[in-house]
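Dear colleague,

Please find below the structure that I am handing over to you. A short account of the findings follows it.

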Amino acid sequence: MSLQLSGVVAAYDAAPVLHGIDLEVGGDEIVCLLGGNAAGKSSTMRAIVGVLPLRAGEIRFGGRTISGRAPAEVIASGIAIVPEGRRIFPRLTVLENLDLGAYGRRDGRAAVAADLDEVLSLFPRLGERASQLGGTLSGGEQQMLAIGRAMMSRPSLLLMDEPSMGLAPVLVDQVFEIIRAIHARGTAVFLVEQNARMALEVSFRGYVLQQGRIVASGSREELLASNEVRKAYLGA
Ligand SMILES: Nc1ncnc2c1ncn2[C@@H]1O[C@H](COP(=O)(O)OP(=O)(O)OP(=O)(O)O)[C@@H](O)[C@H]1O
Ligand SMILES: [Mg+2]
């Protein structure tokens with residue numbers, strides 16, 4: 001199912017932080033949103049899941065309007081999010097965190113159990129620590145748990161807000177491999193990253209956000225070749 005934002009204007013207070021965002025994520029794509037600090041990347045994610053209300057514009061998912069709906073309804077429509085800063089439940093165990101990800105699924109225990117097996121095979125570390133409290137995991141392990149929990153809802157679209165932030169290089173590589181694996185299982189991915197090079201490597205297309213406006217967009221190849229993108233985000 002594809003996601004479309006058209007003319008999205010959103011604000012926390014008087015001044016908008018998103019000034020008319022148009023973008024699309026196809027149902028079979030990995031698309032990234034690049035941009036510096038405070039560009040509005042996380043706000044875009046919050047607008048999609050219904051936490052940040054729209055002042056104007058529309059968000060559609062699978063052809064249906066989702067803007068104006070409550071976050072729980074948006075999530076129920078098949079969107080999951082790995083929020084910025086890995087918000088897992090610190091006082092619940094790893095397994096309980098994963099179970100909560102499947103909350104509200106109506107496709108039966110067997111399907112949920114199969115997905116749990118899949119998540120634990122992608123993240124063997126989580127299996128080894130199944131009964132450990134989430135809050136006592138290392139930062140990298142918590143990030144894996146946040147991703148695994150989002151996968152447990154079997155979303156059509158997964159939003160990921162800086163999944164590689166604060167991880168050691170070996171874990172960063174692993175996160176990007178996992179993004180490919182999630183996509184291969186039939187989930188579209190919309191990825192926010194400051195690690196532009198890695199994000200573009202894994203993405204089909206991308207957008208560049210600056211001060212709440214999309215200032216560039218294109219295929220991976222186009223963005224990698226763009227002088228502006230290279231200067232601002234690829235350190236070249
Ligand atoms: N709850 C809030 N109330 C008021 N302003 C906010 C709130 N959250 C974010 N903002 C402001 O909105 C702007 C965009 O913030 P946002 O978090 O979307 O940026 P970002 O692109 O995700 O940045 P970063 O890369 O640092 O995570 C910033 O100027 C920020 O201060
Ligand atoms: Mg952010």
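**Findings**

Among contacts in the protein between residues at least 6 apart in sequence, 66% join residues at least 24 apart; two residues are in contact if their C-beta atoms, placed from the backbone, lie within 7 Å. This is a predicted model, in which local features need pLDDT of at least 70 and side-chain atom pairs count only at pLDDT 80 or more, while totals for chains, interfaces and linings use all residues. Residues are numbered from 1 along each chain as its sequence is written, and chains are lettered from A and ligands numbered from 1 in the order in which they are written.

The protein has 10 helices and 10 strands, which are DSSP runs (helices H or I, at least four residues; strands E, at least two) numbered from the N terminus. Its C-alpha atoms fill a box of roughly 45 × 40 × 30 Å along the principal axes.

Helix H3 (residues 94-101) packs against helix H6 (residues 139-151) at an angle of about 35°, their axes being 7 Å apart. Axes are lines fitted to C-alpha atoms over the stretch in contact, and angles run from 0 to 180 degrees between N-to-C directions. In H3, the residues that meet H6 include Val94 and Leu98; in H6, Leu145 and Ala150 are among those that meet H3.

Around ligand 1 there are 13 residues, of which Tyr12, Asn37, Lys41, Ser42 and Ser43 come nearest (near: C-beta atom, placed from the backbone, within 6 Å). Helix H1 (residues 41-49) gives the largest share of this shell, three residues.

With kind regards
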